[in-house]
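Here is a walk through one structure, helix by helix and residue by residue. Have a look at it before reading on.

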Amino acid sequence: MAGRGTEHPPRKDDETDALASALAAAFGAMPEVVAVALGGSRATGTADATSDIDLYVYSDTEVPVAGRTALIAPRSSRREIDNRFWETGDEWTEAASGLHVDVMYRTRVWTEEQLDRVLDRHEPQIGYSTCIWHNIATARPLFDRTGWFATLQDRAGQPYPDALARAIVARNRPLLSGSFSAFRDQMIKAATRGDRVSVNHRTAAFLASYFDVLFAANRALHPGEKRLVDAAAALPRVPAGMANHIQELLAADGSPARIAACADALCSGLDTVLAGTTLPA
């Protein structure tokens with residue numbers, strides 16, 4: 001969720017690091033908490049002036065809302081406590097600095113299961129298959145009561161399984177084009193009937209599966225929904241003209257012919273990458 005409220009000038013890394021560390025210590029003082037990690041762009045070094053402070057708080061049992069409120073309320077100018085739109089979380093704006101903080105709460109069992117899904121069972125999703133793996137692997141630990149998070153990160157550092165890459169491609173590539181359910185055809189049909197909302201919805205789905213396949217083909221972890229074109233452009237194997245074709249697709253203005261041309265160009269380039277990628281059976 002994007003930061004809100006009064007705009008403030010960009011903050012230096014030492015200011016945000018100090019705040020993240022102080023919050024991690026405060027959460028770490030709660031008996032339920034076993035680990036706290038800094039995630040998102042501030043952990044990967046891609047933060048900009050709009051970036052939140054994303055903290056992940058790990059526990060075996062739910063961290064009581066009352067304790068979280070007691071920590072957050074005195075320091076915030078605006079807050080949302082215990083929102084459950086996605087993962088359970090708290091968000092607030094720091095009254096002193098205007099920095100936006102986004103805290104997500106995860107259980108150890110759930111988190112370990114997310115790694116089991118990709119590393120042991122090689123189960124894909126429709127888009128974003130390895131995002132949580134990426135989040136764990138790139139997070140910066142700030143508190144680790146028993147060393148559990150260090151062990152988890154060691155596991156997250158293992159090589160990308162070929163079987164997982166195959167499964168992601170098998171699940172997502174047919175959804176781009178060539179199947180009855182293909183997002184390409186759904187975009188064109190929606191554009192033909194003048195349903196711009198549906199075009200937008202199916203375009204987002206097309207791109208989600210497109211990037212999932214591309215990162216899998218490169219044995220690279222999916223970094224999430226932000227700055228995807230830049231992240232993809234840095235991969236070893238990138239479809240020719242990818243960035244331009246994506247921009248053209250987004251600017252197709254509901255034209256069935258333009259959507260078809262852009263989607264076909266993207267699929268063709270992706271297939272060229274896949275043809276040069278070894279995915280042993």
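Which residues does Leu142 touch, not counting residues up to four places away in sequence? This is a predicted model, in which local features need pLDDT of at least 70 and side-chain atom pairs count only at pLDDT 80 or more, while totals for chains, interfaces and linings use all residues. Residues are numbered from 1 along each chain as its sequence is written, and side-chain values use heavy atoms, with hydrogens and water left out.

Back to Leu142: with those sequence neighbours set aside, Leu142 touches Ala20, Ser21, Ala24, Val36, Ala37, Leu38 and Leu55, where contact means heavy atoms within 4.5 Å. Leu142 belongs to strand S6 (residues 140-144). As for the naming, helices (H or I, at least four residues) and strands (E, at least two) are DSSP runs, numbered from the N terminus. Take Ala20 from that list of contacts: Leu142 and Ala20 are 122 residues apart in sequence, yet their C-alpha atoms are 8.1 Å apart in space.

Is Leu142 buried or partly exposed? Leu142 counts as partly exposed because its relative accessibility is 28%; buried means under 20% relative accessible area, exposed over 50%, and partly exposed in between (1.4 Å probe, protein chains only). Asp17, in helix H1 (residues 13-28), is also at 28% relative accessibility and so counts as partly exposed. Asp17 and Arg202 sit 185 residues apart in sequence and 39 Å apart in space, C-alpha to C-alpha.

Now for Ser59, in strand S2 (residues 53-59). Ser59 is buried because its relative accessible area is 4%. Leaving aside neighbours within four places in sequence, Ser59 is in contact with Glu32, Val33, Val34, Arg106, Thr107 and Arg108.

Arg108 turns up again in helix H4 (residues 108-120), as one of the residues that meet helix H6. Here are the helix pairs side by side. Axes are lines fitted to C-alpha atoms, for helices over the stretch in contact, and angles run from 0 to 180 degrees between N-to-C directions.

| Helix pair | Packing angle | Axis separation |
|---|---|---|
| H4 (residues 108-120) and H6 (residues 148-156) | about 15° | 11 Å |
| H8 (residues 183-192) and H9 | about 165° | 8 Å |
| H9 and H11 (residues 242-250) | about 165° | 11 Å |

Angles under 35 degrees count as roughly parallel, over 145 as roughly antiparallel, 65 to 115 as roughly perpendicular and the rest as oblique. H4 and H6 are therefore roughly parallel. The crossing of H4 past H6 is left-handed, a term used if the near helix is turned anticlockwise from the far one by less than a right angle, with right-handed used if clockwise. On the H4 side, the contact has Arg108, Thr111, Glu112, Leu115, Asp116, Leu119 and Asp120, and these meet Trp148, Leu152, Arg155 and Ala156 of H6. By class, that contact splits into five nonpolar, one polar and five charged residues; Ala, Val, Leu, Ile, Met, Phe, Trp, Tyr, Cys and Pro count as nonpolar, Asp, Glu, Lys and Arg as charged, and the others, Gly among them, as polar.

H9 has 22 residues and reaches 31 Å from its first C-alpha to its last, close to the expected 32 Å, where the expected span is 1.5 Å times one less than the number of residues. H9 is mostly covered, with 16 of its 22 residues buried.

H8 and H9 are roughly antiparallel, and H8 passes H9 in a left-handed crossing. H8 brings Phe183, Arg184, Gln186, Met187, Ala190 and Ala191 to the contact, and H9 brings Ser198, Val199, Arg202, Thr203, Ala205, Phe206 and Ser209. These divide into seven nonpolar, four polar and two charged.

With H11, the angle of about 165° makes H9 roughly antiparallel again. H9 passes H11 in a right-handed crossing. Thr203, Phe206, Leu207, Tyr210, Phe211 and Leu214 of H9 make this contact with Met242, Ile246, Leu249 and Leu250 of H11. The classes here are nine nonpolar, one polar and no charged residues.

Finally, what does phi do just after H9? Arg219 takes a positive phi of about 50° although it is not a glycine. Arg219 lies in the loop between H9 and helix H10 (228-233) and is partly exposed, with a relative accessible area of 23%. Arg227 is in the loop between H9 and H10, and its phi is near 55°, a positive value in a residue other than glycine. At 34% relative accessibility, Arg227 counts as partly exposed.
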